[in-house]
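Here is a short walk through a structure. Keep the sequence and the 3D view side by side as you read.

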Amino acid sequence: MDWLTTVDHKKIAILYLVAGGFFFGIGGIEALLIRVQLAKPMNDFVSAQQFNELITMHGTTMIFLGVMPVIFALMNAVIPLQIGARDVAFPFLNSLGFWTFLFGGLLLNLSWFMGGAPDAGWTSYTPLSTNAYSLTHGVDFYTIGLQIAGLGTLIGGLNFLATIITMRAPGMSFMRMPMFTWTSFVTSAMILFAFPAVTVGLVLLTFDRILGANFFEVSKGGNPVLWQHIFWIFGHPEVYILILPAFGVISEVISTFSRKRLFGYSSMVFATILIAFLGFMVWAHHMFTTGLGPVANALFSIATMLIAVPTGIKIFNWLFTMWGGQIRFTTANLFAAGFIPTFVMGGVTGVMLASAPADYQYHDTYFVVAHFHYVIVGGLVLGLFAGLHYWWPKMFGRILSEKLGKIEFWTFIIGFQLTFFVQHFLGLIGMQRRVFTYLPNQGFDLMNLISTIGAFLMGVGVIVFLVNIGITSRKPVGAANDPWDDGRTLEWSIPSPPPEYNFKQIPLVRGLDAFWKEKAAGHTEMTPSEPVGPIHMPSPTILPFVMSLGIFIAGLGFMFTSDDFGNSFLNFIFNNYIVTGLGLAVTFGSMLLRSLFDDHGWHIEEDELNGKGVKA
Amino acid sequence: MMKRWKAIKRLGPLFIGLSFMLSACGRADLSTLKPQGTVAAGQYDLMKLAISIMIVVMLIVFSIAAYVYIKFRRKPEHKEAPKQVEGNFKLEVLWTAIPLVLVLVLAVPTIQKVFAFGEDYSADKNAIKVKVSSHLFWWEFSYPDYGITTAQDLIIPANKKISLELKTMDVLHSFWVPSLAGKTDTNTDGTVNKTWIEATQEGVYLGKCAELCGPSHAFMEFKVKSVSQESFDLWVASMKEPVQTIEDPAIAEVFKNQCLSCHAIGEQGGSVGPNLTGIGSRESVASILLNSEGSGQLKGSKPVKDNLIEWLTDPQAVKPGNKMPSPKEDLGLTDNEIKAIAEYLANSKVSY
Ligand code: HEM
Ligand SMILES: [Cu+2]
């Protein structure tokens, strides 16, 4: 119950982590099923239809429901601590964002049990995704589930923007913000601009499918290419939304474990902003073969290649952060060190893809599958592992086993390279992506088998990680404030895990890497910027949960408005929008409640702060 | 100076190795790394340039990384933290400039080729015009200048520009012949695409659909047959000759009523399904049942008649989700009728 009503950013972080882990597991199982099917030619492990459902759900789940919440978990756990705040700007919204996200994700996955999952690819190109060609409710689950989940993401992004702008501790100017906070800030800004685009697209597609509108129907004056533009205007920034926080994590981990400040901090900030900007300018590189014409293709080629410049700046700055340092290869840092070459591989194939005439050959082949997995798994997932190992003690007060961590790292990264390296070649020799099987004799067989074996090795790595978590969570909480000894930023100046109010006194920030600076001056704690006083806390509330539940019910109801259930009662309540209305009533009702009854929160008093130690 | 030479000498074998590795890859009629046409060759040049640049980048980054990881490990004697370096303006400018230059090197040929491959040859008298229509899950090729239509096998003369106009009749597909040219999407009305291909040799090349289009997306293959100009002219003439009819009147009746409502053979029939004229000389049935009479003689291929029987007995088993009604279940054909029709179709040949 405590978990359903919490508005504390640290607990919401854990909720996001658990939900993310759950969906990541589902996406991973889907990936393994895909790989089993492709292990040999003309395999009949799953049917063609099931395969298309698997790739669609795998892609959608991983992008929207798997890694996104883990990123949000880290952002929630770390950002308020790094900027010296007691919580996020809007704790109520923070909880609302999580619950809408979770219910959206659950709705999407219900499709497996309710008559068929979406099957038009995670990009859901029209007309394949329209009623005429996608016969089950699958794509409805996709459009409605993602709208609800996307709402949660948008709320979360807005919240972080407000938090970072308004709640920094005294002395923490923008150019003194830790790199992870910076990249999260830019990511949140990108969410603000990108998610409305996909929402518009999803609404249009929902209207086409459920209400019989014609936005994408050619014979009625619609245009399928419109969907591609809308989708990728969101979709391309989305991959930067994913990767930027990982860049932030890597910056923190590398600098801590090299005992050096980040090399070229201001150029890192500048590069982050430039990447975000260019990220919005290059969506059409997903559409080179769509037939936009040579002028558009040339312009988008060049714009895309330019992203290599800020990315290059980042890579070299990381390497030179370590240069002359004293590097300790903890598990977290191993993942960071593995990240750099792997991500570079993904980056260089990205530049290759940017050359439009060559992309006519790469596009929609396994070359592309290899490329984006190098970026999202080799980049983002390695980054997230680094971040999780790094901040685990701060979040849970327990240090993950280093021995298991190393086994986990090596199985995962070796498995990863096995899985995806050969796929570059599969694509180049003519294997297109999203095929449920392939004829023998084409030279595809061996490489596909290797790829499947690698995928299972990655699975082993993930299981070792879970075992590690299981074993660690049995140990008593006992991590030091600064368990790595070389912590540089504010979060390491308070207990692990932090008390409910984070900072007894808001610290005064006197430079970049504020805590490191104090330690270098011989202090063990931050200089406070205020006297000890009562701390105002927001009250826990069940309303966000209920609101999201309402949206979930409304979504389900809306989806089946024109179905015949063969049961007059069900027909009546669904076809007359009664279920939809009920759901909306629940949501708006709880909004009303929230507006009518003022809740002023509560206070932790001074003597309480001094009295019972610091642990919450 | 000496040192730099050594580095280049060391890189030399790598490049030779690379070219070996790439060119050893895949089948000549399928691989993008063994181009057999003008466009694919140009694309391959671009790919080689890009790969070379990228290998150099990777070597530099990997060596710095390896050096750093090994050289700067923490040792027990490290009690004091190292010097806190803020950055280095010159170095940072350097690694901004180098990627810019590399990008420029790749950008110039990219732009040249974008425009070269975007050229429209549809008004060129020397080019052959073909209208490509994609359907769930098969390909139709019609030659407006010759008044003929065929399916699955695209016959073209070698060393001639073929000007293609691509359009889909249902969902989006993408026309891709890796060893001849990169892909172009087949869009719906309003966004019809034009492109061109040219095969520099005679041969049969594998083509694929490269845009997810439904359950049998994987099986939506086709072949491009590049032949001499004489053979091509012969083929055109042969396609226009009247086709033989089925001798047995009962079978002929079944064929006319049940099959020609969708398919055409010669002058007769409809255009809902693939045109069957000369199907006995094609490379495959339903694009994936390979014919042993075809040019490849691959393992697993069977006589065209057997393949036809297999297809007609249960089309859904061969290509899940395809739009043809099952002759047995839906159209009520008997095994004998199927056999007779298969026999007839297997003998419908064209010469070239
Ligand atoms: C266990 C590790 C993984 C394996 C073995 C794996 C494997 C695959 C395979 C075989 C495909 C299908 C390729 C095709 O035919 O189109 C695929 C597609 C995809 N994967 Fe993964 N994957 C893994 C992890 C991830 C992760 C972590 C993400 C993102 C965070 C991801 C994102 C995607 C996306 C977006 C697609 C495209 C789906 C579509 O075509 O609609 N994958 N993956
Ligand atoms: Cu297709």
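Helices (H or I, at least four residues) and strands (E, at least two) are DSSP runs, numbered from the N terminus. This is a predicted model, in which local features need pLDDT of at least 70 and side-chain atom pairs count only at pLDDT 80 or more, while totals for chains, interfaces and linings use all residues. Residues are numbered from 1 along each chain as its sequence is written, chains are lettered from A and ligands numbered from 1 in the order in which they are written, and side-chain values use heavy atoms, with hydrogens and water left out.

Start with helix α14 of chain A, which spans residues 402–428. Both A:E402 and A:K406 sit in this helix. They are four residues apart, about one turn of the helix. Their side chains form a salt bridge, with N to O at 3.8 Å. A salt bridge here is a side-chain nitrogen of Lys or Arg within 4 Å of a carboxyl oxygen of Asp or Glu. A:E402 has 26% relative accessibility, so it counts as partly exposed. A:K406 has 32%, so it is partly exposed too.

Other salt bridges reach across the chain. A:R209 and A:D140 meet in one, at 2.7 Å from N to O. This pair links distant parts of the chain, 69 residues apart. A:R209 belongs to helix α6 (residues 179–211) of chain A, and A:D140 to helix α5 (residues 138–166) of chain A. A:R209 is buried, because its relative accessibility is 6%. A:D140 is buried as well, at 3%.

Now turn to A:D482 and A:K519. Their closest N and O atoms are 2.6 Å apart, in a salt bridge. This pair, too, links distant parts of the chain, 37 residues apart. A:D482 lies in the loop between α15 (445–474) and α16 (514–520) of chain A, while A:K519 lies in helix α16. A:D482 is buried at 12%, whereas A:K519 is partly exposed at 24%.

Salt bridges can also join into a network. One network links A:R259, A:R328, A:D486 and B:R74. How many salt bridges are there over all chains? The count comes to 22.

Disulfides are another matter. A disulfide is a pair of cysteine sulfur atoms within 2.5 Å, and the count over all chains is zero. Among the cysteines, B:C209 is buried at 0% relative accessible area, and B:C213 is buried at 1%.

Next, look at how two helices pack. Helix α4 (residues 91–110) and helix α17 (residues 543–559), both of chain A, pack at an angle of about 30°, with axes 8 Å apart. Axes are lines fitted to C-alpha atoms, for helices over the stretch in contact, and angles run from 0 to 180 degrees between N-to-C directions. Angles under 35 degrees count as roughly parallel, over 145 as roughly antiparallel, 65 to 115 as roughly perpendicular and the rest as oblique. α4(A) and α17(A) are therefore roughly parallel to each other. The contact (heavy atoms within 4.5 Å) includes A:F92, A:W99 and A:F103 of α4(A), and A:F545, A:M547 and A:F552 of α17(A).

Finish at A:H285, in the loop between α8 (265–281) and α9 (294–306) of chain A. A:H285 is buried at 15% relative accessibility. Leaving aside neighbours within four places in sequence, A:H285 touches A:H236, A:F300, A:T304 and A:D359.

Technical notes:
Buried means under 20% relative accessible area, exposed over 50%, partly exposed in between (1.4 Å probe, protein chains only).
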